[in-house]
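Me: Hi! Could you walk me through this one?

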Amino acid sequence: MITPIIDEKAIERLRAMINGVQRIAITCHKSPDGDALGSTLALCHVLRRLGKDAVVVTPDMAPRSLEFIPGVHDIVVFTKHELRARHVLQEAQLICCLDFNAMKRIDRLAEIIEPLKTPRVLIDHHLGPEDVFDLAISFPEASSTCELVFRVFMQLGLLKFMDRYTASCLYVGLLTDTGGFAYSCENPEFYEIVASVMRRRFDRITLYNKAMNTFSADSLRLQGYAINEKMELYPECGVALITLDKEELERFNYNRGDTETLVNKPLAIPGIYWSVFMREDADKIKLSCRSQGDFSVSDICEHYFNGGGHKNAAGGEFDGTIDEAVQVFHQVLADLFPDVTEQKTEEQQ
Ligand code: 5GP
Ligand code: MN
């Protein structure tokens with residue numbers, strides 16, 4: 001039995017909002033991942049089956065590694081088709097905001113959406129959503145936005161429109177946001193949702209391999225290099241740090257998505273419960289953090305790196321060089337583990 005966790009009033013408001021309009025835009029955070037793409041495309045498929053003119057608009061391109069998700073090529077990408085993206089958002093009568101909690105996460109789409117009077121619905125599982133939505137379906141305890149989109153379909157009575165394309169979109173988010181059913185999926189109902197999605201009989205094994213275990217040779221070599229040469233361990237603190245600068249990324253013909261799962265790898269080492277990955281982007285340092293247990297990386301990312309996310313998976317950004325970002329990271333360690341850091345300093349003297 002899957003509990004209807006979304007408030008009935010919220011469901012009825014959403015039903016009325018959808019029934020009352022024809023043109024619906026759906027958007028998600030920049031650098032979209034499997035959950036962002038899976039949830040927006042699943043919602044889009046079902047709304048289209050309801051006869052709506054639904055369009056997914058993303059701030060930037062999906063990584064090549066996720067191009068297999070059904071419907072990905074119909075997405076209007078702002079960085080590629082700016083005018084069309086503007087048009088879709090400005091003409092929409094309802095804007096669905098999926099898998100993000102703060103307008104800055106949608107980059108330049110925020111400038112377009114913020115002045116519009118169009119009603120906005122949030123469906124998301126990040127902590128602390130901004131108070132800028134007309135209706136917020138926000139459950140930080142949910143595994144993924146795909147789980148929430150499934151629950152929305154269920155409570156709206158729309159599961160009959162969940163065909164195997166929609167089901168495979170949802171499966172991608174359920175799978176990738178839990179690291180292949182490894183974390184954030186403690187609620188037994190999660191598996192009932194997986195079971196219900198799987199009844200639509202898509203090719204699960206192929207999808208699993210594409211979503212979880214497909215890397216280019218360059219990407220595998222880059223990850224091998226990063227682990228072999230760039231992984232710093234701080235065993236006294238249970239922490240691992242990997243950094244990759246522009247030159248290193250170029251050397252391995254880096255494409256977006258190539259380092260997607262790298263940050264998880266150091267957590268395989270017994271005693272390491274916090275892993276940090278810093279990557280030099282065009283104009284900033286991008287951070288990814290993962291943790292095990294009670295240690296909240298979303299707090300760290302929020303306080304020190306202008307970001308956020310979930311307790312065990314979060315990210316942020318740093319304006320400056322990678323060396324400066326590492327210095328801040330060392331300061332964080334000094335703040336969190338003063339005893340260890342003091343001991344180190346004494347040893348060095
Ligand atoms: P990833 O490390 O896979 O990029 O992101 C892990 C989680 O942290 C995702 O849920 C993502 O939405 C969130 N996240 C990543 N980068 C940022 C960021 O710069 N700001 C905020 N607020 N959240 C982020
Ligand atoms: Mn997500």
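Me: How many helices and strands does the protein have?
Reply: The secondary structure comes to 13 helices and 12 strands, taken as DSSP runs numbered from the N terminus (helices H or I, at least four residues; strands E, at least two). This is a predicted model, where local features need pLDDT of at least 70, side-chain atom pairs count only at pLDDT 80 or more, and totals for chains, interfaces and linings use all residues. Residues are numbered from 1 along each chain as its sequence is written, chains are lettered from A and ligands numbered from 1 in the order written, and side-chain values use heavy atoms, without hydrogens and water.

Me: Now the metal: which residues coordinate the manganese ion (ligand 2)?
Reply: D35 (OD), D99 (OD), H125 (NE2) and D177 (OD) do, at 2.2 to 2.4 Å. Donors here are N, O and S atoms within 2.8 Å of the metal (3.2 Å for Na, K and Ca); water is not among the atoms, so sites may look incomplete.

Me: And what spacing do those donors follow along the chain?
Reply: The pattern is D-x63-D-x25-H-x51-D. Within it, D99 sits in the loop between strand 4 (94-98) and helix 4 (109-113), and H125 in the loop between strand 5 (120-124) and strand 6 (135-138), 26 residues apart.

Me: Is D99 buried or exposed?
Reply: Buried, because its relative accessible area is 1%, and buried means under 20% (exposed is over 50%, partly exposed in between; 1.4 Å probe, protein chains only). H125 is buried too, at 2%.

Me: Switching topic, what share of the 349 residues counts as buried?
Reply: That comes to 52%.
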